[in-house]
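The stops below go one at a time.

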Amino acid sequence: MKIPFSPPYIDDDVKREVLETLDSGWITSGPKVLALEKLVAEQTGVSYVACCNSATSGLMLLLHWYGVTRGDEVIIPAYTYAATALVVMHLGAKPVLVDCSPDFNMDVAQLRQKITANTKVIMPVDIAGWPCDYNQLNEIINEPEVKSRFKPTTSNQQQLGRIMILSDAAHSIGAMYKGKQMGHGADFTVFSFHAVKNVTTAEGGAMCINLPQNFDNGAVYKTLKLWSLNGQTKDALAKTQGAGWKYDIVYPGFKINMPDVCAAIGLAQLRKYKTVILPERRRVFNEYVAQFSKYPWVQLPPQDTDEKKSSYHLFALRINGISESQRDQMIDHITATGVSVNVHFQPLPLLTVFRDRGYTMSDYPVAYDSYAREISLPIYPELDSAKIEYIVNAVVSAYHLIHS
């Protein structure tokens, strides 16, 4: 049996939406993007959402909006995909790494020790779709001592008056924290619509704006849209709406807008996300939990509580009592059965670009321990009980093979 790791959810509704866009003659940023922004806002309960061509671009744009630059520090987890750190580095700032907790997410207790006068942003990451502890993060940044050390250097920093929380929520659309959809715990929350995510636009991202009341979130939305299209005062669609051809460039912006042909995929998926896609991912997750619970050598991923509910983006299994090389052997055995699995993630200090800059893996022992024992299993709606049982048997057999 061949079981891919994470195929995109493409049904007839997705195909119809894309074909409608192609037939319309309008495939770049236009009405589909605006519709997707509106739908994300409705489903998350925030007022304004701006789409762009990737979550990575969205994170970088928001750091730029806040004025993050050379000499500044941004606190991120050591256990994350490289893009979380690269967006900081692209602006000339320094990523400051924090070890993770046993739930994979940033260790909030250690984070406090990393805050300096140069800290401008904390960027938590909801690994596998499991929400971080946003209440604790907000309590820390609003402590009088922490706020007194904050040194604003731009008007936006002056207006916020504290460290900004920018959530890398690439995995967690549809997750819940304290009874609210993801999008409310941070000043900005960025979702990914990459090809392997719960909702995809092939490539894409969405920036949810949740700034305090002293900001005009609508004005911030307009700024982000302007800056995502070269700082141009009129997009291509506006030029066709009787607005005339003439435009101005009022800011040295970026070219990171999302096209309509991509937004169409996400629109069709998001319309059935809460009723079909997310419940089916939950079903697969729960079937894995039921089957793996009988094995004492399995460490299950975090499961839903009254406070947190996952988006079930990954089923991040950890195997007790094995080494990194034994984990790799298990993956080889599993793959040989036709089951495609993955590892999420290599902690940043293991990667050359960070190791060469002085980051050392031994400084983040929890992150390394989780990584060395982790195997990400397929989790998506098309997996029926027979396929899930096949995957579980492949993992169990692989475990016994390395212990034979």
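Select Tyr81, His171, His194, Lys197 and Phe345: of the 33 residues lining the largest pocket, these lie nearest its centre. A pocket here is an open set of points on a 1 Å grid over the protein atoms alone, where a 1.4 Å probe fits and protein lies on both sides within 12 Å along at least five of seven lines; lining residues have an atom within 4 Å of a point. This is a predicted model: local features need pLDDT of at least 70, side-chain atom pairs count only at pLDDT 80 or more, and totals for chains, interfaces and linings use all residues. Residues are numbered from 1 along each chain as its sequence is written, and side-chain values use heavy atoms, with hydrogens and water left out.

How much space lies in the largest pocket? About 630 Å³. That volume is the space filled by probe spheres set on the points, with grid points joined across faces, edges and corners.

Now colour α3 (55-65) and α4 (83-90), the elements that give two or more residues to the lining of the largest pocket. Of the elements, α3 gives the most, with 3 residues. Helices are DSSP runs of H or I of at least four residues, strands are runs of E of at least two, and both are numbered from the N terminus. By class, this lining has 16 nonpolar, 13 polar and 4 charged residues. Nonpolar covers Ala, Val, Leu, Ile, Met, Phe, Trp, Tyr, Cys and Pro; charged covers Asp, Glu, Lys and Arg; the others, Gly among them, are polar.

Move to the second largest pocket. Select Lys225, Leu226, Leu229, Lys234 and Asp235, which lie nearest its centre among 18 lining residues. It holds about 330 Å³ of space. The largest share, 3 residues, comes from α9. The lining counts are 8 nonpolar, 6 polar and 4 charged.

Last stop: strand β9 (residues 205-209). Here 5 of the 5 residues are buried, so β9 is largely enclosed by the rest of the structure. Buried means under 20% relative accessible area (1.4 Å probe, protein chains only). Which residues cover each side? Gly205, Met207 and Ile209 are on one, Ala206 and Cys208 on the other.

Show the neighbours. Strand β1 (residues 48-52) pairs with β9 in the antiparallel sense over 5 bridges; two strands pair if DSSP finds at least two bridges between them. Ala50 has Met207 as its bridge partner. Strand β8 (residues 188-192) also pairs with β9 in the antiparallel sense, over 5 bridges. There, Phe191 stands opposite Ala206.

Key: Buried < 20%, exposed > 50% of the residue type's maximum accessible area, 1.4 Å probe, protein only.
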